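Please read them with the structure open.

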Amino acid sequence: MATLSLMRFSPPFPPRLLSTNGGVRTSSAPRTFVSFKKLSSSQSLSGFPLILNRNFSSSTPAQNPPSMVVVAAKGYKMKTHKASAKRFRVTGTGKIVRRRAGKQHLLAKKNNKRKLRLSKMHAVNRSDYDNVIGALPYLKVNRNSQ
């Protein structure tokens with residue numbers, strides 16, 4: 001039979017980190033840090049000790065149980081579409097540019113003026129900016145540039 005023993009626990013991090021908005025917050029009552037021994041399911045998922053409200057007792061009926069708010073500390077990173085990253089560049093003024101199509105093969109029948117025109121970079125149309133920025137979330141684009 002598993003036994004439950006309570007003991008006070010001093011946290012390994014400074015107390016000022018407990019009052020930040022990240023992590024778990026309880027009501028304004030004093031807090032007790034508790035570690036449970038000999039129960040494998042008592043550990044919290046994050047590795048931090050469980051925070052119990054000192055004024056809350058299980059023997060009295062709970063009128064207003066302590067409210068717990070879990071706040072996520074970090075968001076997820078957006079992924080860059082690598083094929084798009086190889087095709088688009090940003091100029092110094094913040095415009096998105098791309099290469100022209102038609103300069104890969106069958107060049108013998110194209111005149112020099114046409115091949116020179118196809119070699120130059122071309123600005124992406126403003127209607128396509130949302131698609132390009134969606135594929136490249138960390139691109140430094142000036143949306144106000146003309």
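**Notes on the predicted model**

1. Overall make-up. The chain holds three helices and eight strands. This is a predicted model. Starting at the N terminus, the order of elements is β-β-β-β-β-α-β-β-α-β-α. The chain has 146 residues, and 18% of them count as buried. Take the contacts between residues at least 6 apart in sequence: 58% of these join residues at least 24 apart.

2. The open sheet. Three strands form an open sheet in the order β6-β7-β8, and the pairing is antiparallel. Its edge strands are β6 (89-90) and β8 (121-123), each of which pairs on one side only. In general, the strands of a sheet pair through backbone hydrogen bonds, either parallel or antiparallel.

3. β6 with β7. Two bridges link β6 and β7 in the antiparallel sense. Which residues face each other here? Arg89 stands opposite Val97 in β7. Val90 has Ile96 of β7 as its bridge partner. The hairpin of these two strands has five residues between them, and Gly94 in this hairpin has a positive phi near 100°.

4. β7 with β8. β7 and β8 run antiparallel and are joined by three bridges. On this side, Arg99 stands opposite Met121 in β8.

5. A loop residue to check. Leu106 has a phi near 55°, which is a positive value in a residue other than glycine. Where is Leu106? It is found in the loop between β7 (96-99) and α2 (112-119).

6. The nonpolar core. The largest nonpolar core is made up of eight residues: Phe88, Ile96, Val124, Tyr129, Val132, Ile133, Ala135 and Leu136. Helix α3 (residues 129-135) gives the largest share of this core, with four residues. Ile96, one of the core residues, is also the bridge partner of Val90.

7. Tyr129 and its surroundings. Tyr129 belongs to this core. What does Tyr129 touch, leaving aside its neighbours within four places in sequence? Its contacts are Gly94, Lys95, Ile96, Val124 and Val141. Among them, Gly94 is the hairpin residue with the positive phi, while Ile96 and Val124 are members of the core.

8. A charge over a ring. Arg126 lies over the face of Tyr129, and the distance to the ring centre is 4.4 Å. How many aromatic pairs are there in the whole structure? A search finds zero.

9. The salt bridge. Side chains of opposite charge can pair when their charged atoms come close. The count of salt bridges here is one. Arg143 forms a salt bridge with Asp130, and the closest N and O atoms are 3.4 Å apart. Asp130 lies in helix α3 and Arg143 in the segment after α3, so the pair ties together parts that are 13 residues apart in sequence.

10. Exposure of the pair. Are the two partners buried or exposed? Asp130 is exposed, because its relative accessible area is 55% and the cut-off is over 50%. Arg143 is at 46% relative accessibility, so it counts as partly exposed.

11. Places to look again. For helix α3, look at its four core residues and at Asp130, the salt-bridge partner of Arg143.

Methods:
Residues numbered from 1 in each chain as written. Predicted model: local features only at pLDDT ≥ 70, side-chain atom pairs only at ≥ 80, totals over all residues. Heavy atoms only, no water. Core = buried A, V, L, I, M, F, W, Y, C linked by side-chain atoms within 4.5 Å. Buried < 20%, exposed > 50% of the residue type's maximum accessible area, 1.4 Å probe, protein only. Contact = heavy atoms within 4.5 Å. Pairing = 2+ DSSP bridges. Salt bridge = Lys/Arg side-chain N within 4 Å of Asp/Glu carboxyl O. Phe/Tyr/Trp six-rings, centres within 6.5 Å; stacked < 30°, edge-to-face > 60°. Lys NZ or Arg CZ within 6 Å of the ring centre and 35° of its normal.
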